[in-house]
Amino acid sequence: MASDDIAQLADALSKTHVGDGDLSYKGLGLKLDNAESVEELVREIELYKDLRALRLEGNTLGVEAAQAIAKALKSKDQLQRCYWSDMFTGRLRSEIPIALRSLGSAIMSAGARLTELDLSDNAFGPDGVKGIEQLLRSPSCHTLRELRLNNCGMGIGGGKILAEALTECHKESSALGAPLRLRVFVAGRNRLENEGASALAKAFKFIGSLEEVHMPQNGINYSGVVALALAMQHNPELRVLNLNDNTFSKRGTLAMAQALRVLRNIQVINFGDCLVRSEGAIALAAVLTEGLPILKVCSHLCFGLCVCLCLVYKQPDYIYAVLKKLLSGTTLQSYCFLSTLLVKMGLLKGEGKMKKVPLVSGQLLCLEHAVQQDYFSLHHVSLLHTFVSK
């Protein structure tokens with residue numbers, strides 16, 4: 001390695017954060033190709049007595065470099081948190097599983113017990129999941145609490161492998177009297193589709209300890225949504241459910257509405273851009289009015305559609321109850337929510353049939369049209385006025 005390259009690496013390492021068991025090389029943009037390129041880095045790891053967290057995100061790691069780092073990790077039995085997102089930029093897809101297996105084997109050899117593993121933004125596909133499969137099945141992950149695999153391109157195959165690994169981890173840890181209690185699962189933008197989502201749903205049923213599930217933009221249709229809805233009912237401590245930008249349709253939404261009746265600890269829901277359909281939206285509106293006592297945040301798109309359909313289908317009691325729910329504690333981006341609500345009202349009520357007034361915005365025309373309908377009772381006006389004033 002050229003002397004100027006060594007100097008550059010030494011300068012970068014001088015900017016690392018070390019403290020409270022956390023050794024960080026985050027965002028240094030290091031191109032680590034071979035053992036020589038990580039000599040200083042490895043030395044720092046070896047000298048760190050009680051290493052509990054290792055941050056390598058924002059660098060790019062080759063096979064030989066990963067193997068050298070793995071060798072240093074074999075003595076780090078206190079390691080708990082691995083922040084390894086965005087760690088393979090520019091690497092061949094075939095290299096990544098080899099690097100991951102080396103790192104995983106080192107963690108297992110050390111007898112470390114992980115609580116957090118973040119491999120997000122690594123486009124490793126199904127083969128990458130195979131690279132961490134053995135680690136996920138091992139005792140080193142019996143203590144895992146947070147697993148983040150966002151934007152990894154796992155696909156259906158990767159989702160199935162991941163589901164099997166988590167299921168096996170739960171079975172083996174349960175047999176030892178300390179079952180896996182995974183709390184946070186993140187796997188957005190992975191092209192899981194119905195088969196991958198359904199496989200993971202089966203694993204979620206076994207686990208039963210989830211508090212946050214984030215699976216947006218996965219191409220999941222109603223059958224996968226139904227499977228996830230059933231699985232969520234087995235996770236009573238669930239607080240956050242983000243399935244944004246999948247396709248619920250009527251059947252998926254009805255199943256999810258039923259699941260929400262069981263989830264008494266839910267605080268955050270994001271079903272935006274999920275094509276919930278009319279009957280599904282009304283079912284969600286019913287759940288909002290009847291339950292969810294500590295709900296704090298719901299995607300404005302979901303709420304907006306529920307409210308609009310209650311108006312369109314002449315169910316003012318629901319609009320009253322849902323708005324009351326909104327005003328009594330649910331936090332939203334008010335302007336964004338109101339805009340969405342009014343636009344959808346305009347689309348559904350046929351704003352084009354109304355006489356246009358150049359000085360009045362289309363949104364106000366929609367609202368004016370709605371309040372003039374027979375189904376909009378006068379005693380709701382004061383509540384709507386309060387809502388708009390927010």
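The legends below describe close-up views of a predicted model. Local features are given where pLDDT is at least 70 and side-chain atom pairs where it is 80 or more, while totals for chains, interfaces and linings use all residues. Residues are numbered from 1 along each chain as its sequence is written, and side-chain values use heavy atoms, with hydrogens and water left out.

**View 1. The largest nonpolar core and M215.** This core has 96 residues, and those with the most contacts inside it are F185 and M215. A nonpolar core is a set of buried Ala, Val, Leu, Ile, Met, Phe, Trp, Tyr and Cys residues joined through side-chain atoms within 4.5 Å; buried means under 20% relative accessible area, exposed over 50%, and partly exposed in between (1.4 Å probe, protein chains only). Beyond its neighbours within four places in sequence, M215 is in contact (heavy atoms within 4.5 Å) with residues including F185, L200, F204 and L243.

**View 2. The aromatic pairs.** Rings of Phe, Tyr and Trp (its six-membered ring) pair if their centres lie within 6.5 Å, and planes under 30 degrees apart count as stacked, over 60 as edge-to-face and the rest as tilted. A search of the whole structure finds two such pairs. In one of them, the ring centres of F185 and F204 are 5.1 Å apart and the planes are at 70 degrees, so this pair is edge-to-face. F185 belongs to strand β9 (residues 184-186) and F204 to helix α7 (residues 193-207), so the pair ties together parts that are 19 residues apart in sequence; helices (H or I, at least four residues) and strands (E, at least two) are DSSP runs, numbered from the N terminus. Both F185 and F204 are buried. F248 and F271 form a tilted pair, with 5.0 Å from centre to centre and 55 degrees between the planes.

View 3. R55 lies over the face of Y83, at 3.8 Å from the ring centre, where a charge sits over a ring if NZ of Lys or CZ of Arg is within 6 Å of the ring centre and within 35 degrees of the ring normal. R55 also forms a salt bridge (a side-chain nitrogen of Lys or Arg within 4 Å of a carboxyl oxygen of Asp or Glu) with D22, the closest N and O atoms being 3.6 Å apart. D22 is buried, at 14% relative accessibility, and a network of salt bridges links D22, R55 and E57.

**View 4. The salt bridge of K160 and E195.** The closest N and O atoms of this salt bridge are 2.9 Å apart. K160 lies in helix α6 (residues 155-175) and E195 in helix α7, so the pair ties together parts that are 35 residues apart in sequence. K160 is partly exposed at 34% relative accessibility, and E195 is partly exposed at 44%.
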